[in-house]
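Good morning, colleagues. Please have the sequence and the model open while I speak.

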Amino acid sequence: MAEVKNSSYIVICEGNSEYAYIQKLNRFLSENGYTFILNPKIVGCGHFKDVQRRYKIEKKNNTRTPIVIWVDKDTYIRNDCGDKDNYEAKNDTLPKFMFSIMNFEDFLALHTKPNKLEKWFQVCSRQKHHITPMKEDVYLPLVQKHLFADYKKGDIPFDINMQALNTLFSNNEAPFIFRCDFADFIKELMQKHTPNN
């Protein structure tokens, strides 16, 4: 297999939680010989117009670096700030967004064992999370009760290692409503930039 040179990807993301996850992931990748790095750029929210503005800045300043956009789908489903309408009307110069369905905590849940994820799915179903995604004041106490007891925004409540990533990739392909396009992106990059053994 031909050697792949070190590659950098800019990830436009919502906030400190995504930033913390990417930094932990980068540490794992570096320690295990992967030949790519993810450079997170925080928007401060996932609203379309703010994301679009940040993308234009990054594109202007980084003409040769691939840029991806990772946001939660909840505000797009609820159409907060016209996010759904604006996204559906976007032009082709803006890349297709990578969505976490529904939010970052659901993405974290994908790293847990299938039986725990199933229980989380049941909690979310009772709240009709798949129809009208819960807002933070509703889901955060539920996350602390059912997923990660001491969880706070910006925390990654587990180590990122190969086992956690394999669980993520496996759960992401399961028939749960929770999915994350960014997980597919990570998996693809890890396959493309496999360390030389």
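Predicted model: local features only at pLDDT ≥ 70, side-chain atom pairs only at ≥ 80, totals over all residues.

Residues are numbered from 1 along each chain as its sequence is written, and side-chain values use heavy atoms, leaving out hydrogens and water.

I begin with the sheet. Helices (H or I, at least four residues) and strands (E, at least two) are DSSP runs numbered from the N terminus, and two strands pair if DSSP finds at least two bridges between them. Five strands form an open sheet in the order E2-E1-E3-E4-E5, with mixed pairing. Strands E2 (36–42) and E5 (179–180) each have a single partner strand and stand at the edges, so one side of each has no neighbour in the sheet. Strand E3 (residues 67–72) and strand E4 (residues 98–101) are paired in the parallel sense over 3 bridges. Asp72 stands opposite Ser100 in E4.

Asp72 also leads us to the largest pocket, as one of the residues that lie nearest its centre, with Glu14, Glu136, Tyr139 and Lys153. A pocket here is an open set of points on a 1 Å grid over the protein atoms alone, where a 1.4 Å probe fits, with protein on both sides within 12 Å along at least five of seven lines; lining residues have an atom within 4 Å of a point. Its volume, the space filled by probe spheres set on the points, is about 380 Å³. The lining has 21 residues: 4 nonpolar, 8 polar and 9 charged. In this scheme Ala, Val, Leu, Ile, Met, Phe, Trp, Tyr, Cys and Pro are nonpolar, Asp, Glu, Lys and Arg are charged, and the others, Gly among them, are polar. H1, helix H3 (74–78) and helix H7 (136–146) each supply at least two lining residues.

How do H1 and H8 pack, and at what angle? Helix H1 (residues 16–31) and helix H8 (residues 162–172) pack at about 120 degrees, with axes 11 Å apart. Tyr21, Leu25 and Phe28 of H1 make the contact (heavy atoms within 4.5 Å) with Met162, Leu165 and Leu168 of H8. By class, this contact has 6 nonpolar, no polar and no charged residues. Axes are lines fitted to C-alpha atoms, for helices over the stretch in contact, with angles from 0 to 180 degrees between N-to-C directions.

Finally, the backbone details. A cis peptide bond, with omega of about 5 degrees, joins Ile101 and Met102. Asn79, not a glycine, has a positive phi of about 65 degrees.
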